[in-house]
Amino acid sequence: MTRRGSLAYYLTAWICGCFFMSLAVWTRDPFGASSNDAFSSRSVFGLIFFYFYGLVFGAIAALLGAFLLRRAMAALKCLTATHWAAVGAILAPVLIAVLGILGKRIGTEGQGEFRVWRLTTYGPMTVFEAGWWLPIPAGAATAYLLCRVQRAFAPQKSPQN
């Protein structure tokens with residue numbers, strides 16, 4: 001484990017952030033959670049399907065968002081989970097919009113030097129096309145958990161004798 005919990009922090013951002021974002025997209029999907037049989041095996045498979053591809057295509061965006069969130073909260077000197085959640089609810093849609101618009105401009109077809117950019121922007125582009133508001137609750141929930149991880153690994157003040 002790293003000294004300040006960076007491994008746990010970024011793994012939480014990737015695993016939980018992609019899950020929350022996949023859950024938001026899945027609830028928007030007409031063949032996913034919105035169908036009449038919300039707890040059927042088809043519906044559960046849809047969530048697992050979205051989550052798997054969310055992990056693959058959302059990894060770079062989740063890590064970039066976690067990095068920007070950590071830097072912003074350090075600059076603002078905010079320690080409470082409520083502040084983190086509020087900033088995460090603002091940062092996530094902005095990041096998804098920027099990467100989604102960039103992904104639309106690059107396009108998804110063809111081969112070439114933009115292959116890494118396509119991989120980076122495909123997930124955010126999909127979320128952005130599903131709805132620009134979907135990253136708001138996902139960003140807030142992820143930022144809340146990231147605050148808890150950050151505080152768990154923060155250096156503790158020792159009592160003075």
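Ile101 counts as partly exposed, because its relative accessibility is 39%, between the 20% and 50% cut-offs. Ile101 belongs to helix α4. In this predicted model, the C-alpha atom of Ile101 is separated by 8.1 Å from that of Phe128, 27 residues apart along the chain.

Helix α4 also packs against helix α3. Two packed helices are described by the angle between their axes and the distance between the axes. For α3 and α4 the angle is about 135 degrees and the axes are 10 Å apart. The table lists the residues that make the contact.

| Helix | Residues in the contact |
|---|---|
| α3 (residues 59-76) | Ala61, Leu64, Gly65, Leu68, Leu69, Arg70, Met73 |
| α4 (residues 81-106) | His83, Trp84, Val87, Gly88, Leu91, Leu95, Leu99 |

By residue class, this contact of α3 with α4 comprises 10 nonpolar, 3 polar and 1 charged. Arg70 of α3 is the charged one.

Another site is in helix α1, residues 6-28, where Ser22 lies. Is Ser22 buried or exposed? Ser22 is buried, because its relative accessible area is 4%, and buried means under 20%. Leaving aside residues up to four places away in sequence, Ser22 touches Phe50, Tyr51 and Gly54.

Key: Residues are numbered from 1 along each chain as its sequence is written. This is a predicted model: local features need pLDDT of at least 70, side-chain atom pairs count only at pLDDT 80 or more; totals for chains, interfaces and linings use all residues. Side-chain values use heavy atoms; hydrogens and water are left out. Helices (H or I, at least four residues) and strands (E, at least two) are DSSP runs, numbered from the N terminus. Buried means under 20% relative accessible area, exposed over 50%, partly exposed in between (1.4 Å probe, protein chains only). Contact means heavy atoms within 4.5 Å. Axes are lines fitted to C-alpha atoms, for helices over the stretch in contact, and angles run from 0 to 180 degrees between N-to-C directions.
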